[in-house]
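This report describes the architecture of one protein model, from its helices and sheet to its cores and aromatic pairs.

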Amino acid sequence: MGTDQKQTEPIGKSGAKRPFRIAVLISGGGTTLRNLIQKKAAGLLEGIDIVLVISSNPAAAGIQYAQQAGIPLQVIQRKEFPNQEAFSEAIFQQCRQAAVDLVVLGGFLKQLTVPPDFELRVVNIHPALIPAFCGKGFYGRHVHEAVLAYGAKISGCTVHFVDNEYDHGPVIAQRAVPVLDDDTPETLAARVFAEECELYPEVIRLIAAGRVRVEGRRVRILPPQTEESHASSSS
């Protein structure tokens, strides 16, 4: 995917006054989905609606959170399609039908082929500081085990745009946590996840507000736009 091309307009913002619509893709426990639902209920995702959940696994525990929240749910399994491209197209076709503005991966364990109309409209959160401890095979507990085995002193989480390579798209934001001498994969994972729960909603809010701009591989966070500045930029 062409992440080397300059993106001159902010992602997400449009003149429409309707809510910003997101789809959340899951494969397992759904802890990211649960966090976003809780943030929405607490009024911390104002103007943002979760309009669709897609699970690649019919037995995913996270399905219950979508059902409890009354969010439309689709189960789309990789094995039902002849290749990755067909699988991906089925997912993005559901997103198009739901008029989704942003696709949010929340522990989604299947690789996607991102179509041109969704370039820079798919985001993921990774439980390490990309480009360290990322790529194929680095997910969940495997990431934290690798961090501890390497003896790293700092880990964290990364929100990035998704392209057609594992953990490769432009980095939007990161948060760091210390790696403690007595850490286990579980204790490190809990510390990283606490940061994920704050960082991911923050990035989604920034994108929805039109404050994220991609320049090559660099992502810039624009200052808040006041009504006065918006009026002057429109004139």
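## Helices across the sheet

Helix α1 (residues 31-41) lies across β1 (20-26), β2 (48-55) and β4 (102-105) and runs at about 160° to β2. Axes here are lines fitted to C-alpha atoms, for helices over the stretch in contact, and angles run from 0 to 180 degrees between N-to-C directions. Helices (H or I, at least four residues) and strands (E, at least two) are DSSP runs, numbered from the N terminus. Helix α3 (residues 84-97) lies across β1, β2, β3, β4 and β5, at about 155° to β2.

The model is predicted: local features need pLDDT of at least 70, side-chain atom pairs count only at pLDDT 80 or more, and totals for chains, interfaces and linings use all residues. Residues are numbered from 1 along each chain as its sequence is written, and side-chain values use heavy atoms, with hydrogens and water left out.

Within helix α1 lies N35, which counts as buried at 6% relative accessibility. Buried means under 20% relative accessible area, exposed over 50%, and partly exposed in between (1.4 Å probe, protein chains only). Not counting residues up to four places away in sequence, N35 touches C197 and P201; contact means heavy atoms within 4.5 Å.

## The open sheet

Seen as a whole, the open sheet has 7 strands in the order β3-β2-β1-β4-β5-β6-β7, with mixed pairing. Two strands pair if DSSP finds at least two bridges between them. On average, neighbouring strands are turned by 20° against each other, direction ignored.

Strands β1 and β4 run parallel and are joined by 4 bridges; V24 has V104 as its bridge partner in β4. On the β5 side, 3 bridges join β4 to β5, also in parallel, and V104 is partnered there by V123. By contrast, β5 and β6 run antiparallel with 4 bridges, and I125 stands opposite V159 in β6. From β4, L102 and V104 point one way and V103 and L105 the other, and all are buried.

## Nonpolar cores

A nonpolar core is a set of buried Ala, Val, Leu, Ile, Met, Phe, Trp, Tyr and Cys residues joined through side-chain atoms within 4.5 Å. The largest has 45 residues, of which I22, V104, F161, I172 and I207 touch the most other members. Helix α5 (residues 185-208) supplies the largest share of this core, 9 residues. Apart from it lies another core, of 20 residues, including L52, L105, L112 and V114.

## Helix α4

Helix α4 (residues 141-150) has V143, H144 and V147 buried. Down the axis of α4, its buried residues fall within an arc of 90° (taken from the directions from the helix axis to the C-beta atoms), so they line one face of the helix. They pack against β5 (122-126), β6 (154-161) and α5. After α4 comes G151, whose phi is positive, near 85°.

## Aromatic pairs

The whole structure contains 4 aromatic pairs. Rings of Phe, Tyr and Trp (its six-membered ring) pair if their centres lie within 6.5 Å; planes under 30 degrees apart count as stacked, over 60 as edge-to-face and the rest as tilted. The rings of F92 and F118 have centres 4.9 Å apart and planes at 40°, so this pair is tilted. F92 lies in helix α3 and F118 in the loop between β4 and β5, so the pair ties together parts that are 26 residues apart in sequence. Both F92 and F118 are buried.
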